[in-house]
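Dear colleague,

Please find below the sequence and the structure that I am handing over to you. My notes on what was found follow directly after them.

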Amino acid sequence: MIRYNVRGENIEVTAAIRSYVEKKVSKIEKYFNDVPEATAHVNLKTYSDKTAKVEVTIPVPYIVLRAEETSPDLYGSIDLVVDKLERQMRKYKTKTNRKGRAQQNQPIDPLAGTDFEQAVDEEADEEMSIVRTKRLSLKPMNSEEAVLQMNMLGHDFFIFEDADTNGTSIVYRRNDGQYGLIETE
């Protein structure tokens with residue numbers, strides 16, 4: 001069963017808003033055979049320019065579902081976020097079901113086994129095609145050099161071999177203009 005933690009920033013979370021969020025986000029439960037014990041963290045924000053942002057994070061076994069959406073209407077933002085979460089679940093289930101069938105001719109996913117799988121497979125054929133493959137050799141450098149390389153190339157991320165740890169790392173540009181670093185173990 002999914003529990004709900006609904007918070008509001010610059011907005012009071014009324015019973016009507018809470019009920020709407022719970023009703024819409026509970027649609028995700030149909031994608032599980034056995035609904036896991038999870039907490040949906042819902043953050044509602046309103047801004048001075050009359051827009052509303054909705055962020056939803058649901059950590060469940062094998063995957064963390066997360067989506068955010070901003071629109072002029074709070075309820076519209078909730079609907080858009082739920083649509084994103086449903087797309088994520090369909091993609092995840094399709095991917096795991098295909099992997100399971102390829103390995104042992106049966107699903108490996110505990111979330112598998114619902115009626116919509118055939119329609120999801122057809123939809124995923126269109127959405128999940130790889131249109132380009134690149135091969136690259138990683139050069140040893142530190143994170144500052146990697147940020148410079150990323151900016152010179154005009155990319156939003158850059159993969160490199162960390163000279164300090166000898167591991168593969170990724171630097172990326174965050175939405176706030178700052179930079180992030182992902183290190184592998």
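Helices (H or I, at least four residues) and strands (E, at least two) are DSSP runs, numbered from the N terminus. Ser-169, for instance, belongs to strand β7 (residues 168-173).

Two points on the basis of the work come before the details. This is a predicted model, in which local features need pLDDT of at least 70 and side-chain atom pairs count only at pLDDT 80 or more, while totals for chains, interfaces and linings use all residues. Residues are numbered from 1 along each chain as its sequence is written, and side-chain values use heavy atoms, with hydrogens and water left out.

Confidence

The pLDDT is the predictor's confidence in each residue, from 0 to 100. For the protein chain the average pLDDT is 81, and 83% of the residues score at least 70. The pLDDT is below 50 over residues 113-119, a stretch with 11 contacts in the model beyond near neighbours in sequence; contact means heavy atoms within 4.5 Å.

Overall organisation

The protein chain has 4 helices and 8 strands, which follow the pattern β-α-β-β-β-α-α-β-α-β-β-β along the sequence. Of its 185 residues, 36% are buried, where buried means under 20% relative accessible area, exposed over 50%, and partly exposed in between (1.4 Å probe, protein chains only). Among contacts between residues at least 6 apart in sequence, 38% join residues at least 24 apart.

Strands β2, β3 and β4

Two strands pair if DSSP finds at least two bridges between them. Strand β2 (residues 38-46) pairs with β3 in the antiparallel sense over 6 bridges, and β3 pairs with strand β4 (residues 63-71), also antiparallel, over 9 bridges. Val-54 in β3 is the bridge partner of Leu-44, and Val-54 also stands opposite Glu-69 in β4. The hairpin of β2 and β3 has 5 residues between the strands, and Lys-50 there takes a positive phi near 65°. Strand β3 (residues 52-60) has 7 of its 9 residues buried, so it is largely enclosed by the rest of the structure.

Salt bridges

Side chains of opposite charge can pair when their charged atoms come close. A salt bridge is a side-chain nitrogen of Lys or Arg within 4 Å of a carboxyl oxygen of Asp or Glu, and the structure holds 10 of them. In one of these, Lys-45 and Glu-55 have their closest N and O atoms 3.6 Å apart. This pair links strand β2, which holds Lys-45, to strand β3, which holds Glu-55, across 10 residues of sequence. Both Lys-45 and Glu-55 are buried.

Glu-68 forms a salt bridge with Lys-53, with closest N and O atoms 3.3 Å apart. Because Glu-68 lies in strand β4 and Lys-53 in strand β3, the pair ties together parts that are 15 residues apart in sequence. Glu-68 is partly exposed at 28% relative accessibility, whereas Lys-53 is buried at 15%.

A further salt bridge joins Lys-84 to Glu-69, the closest N and O atoms being 2.9 Å apart. Here Lys-84 in helix α2 is linked to Glu-69 in strand β4, 15 residues apart. Lys-84 is partly exposed, with a relative accessible area of 28%. Salt bridges that share partners join Lys-45, Lys-53, Glu-55, Arg-66 and Glu-68 into one network.

Strands β5 to β8

An open sheet of 4 strands has the order β5-β6-β7-β8, with mixed pairing. The strands β5 (140-141) and β8 stand at the edges with a single partner strand each, so one side of each is left without a neighbour in the sheet. Strand β5 pairs with strand β6 (residues 157-162) in the parallel sense over 2 bridges, and Met-141 stands opposite Asp-162 in β6.

Ser-169, in strand β7, is buried, with a relative accessible area of 1%. Leaving aside neighbours within four places in sequence, the contacts of Ser-169 include Phe-158, Phe-160, Asp-162 and Leu-181.
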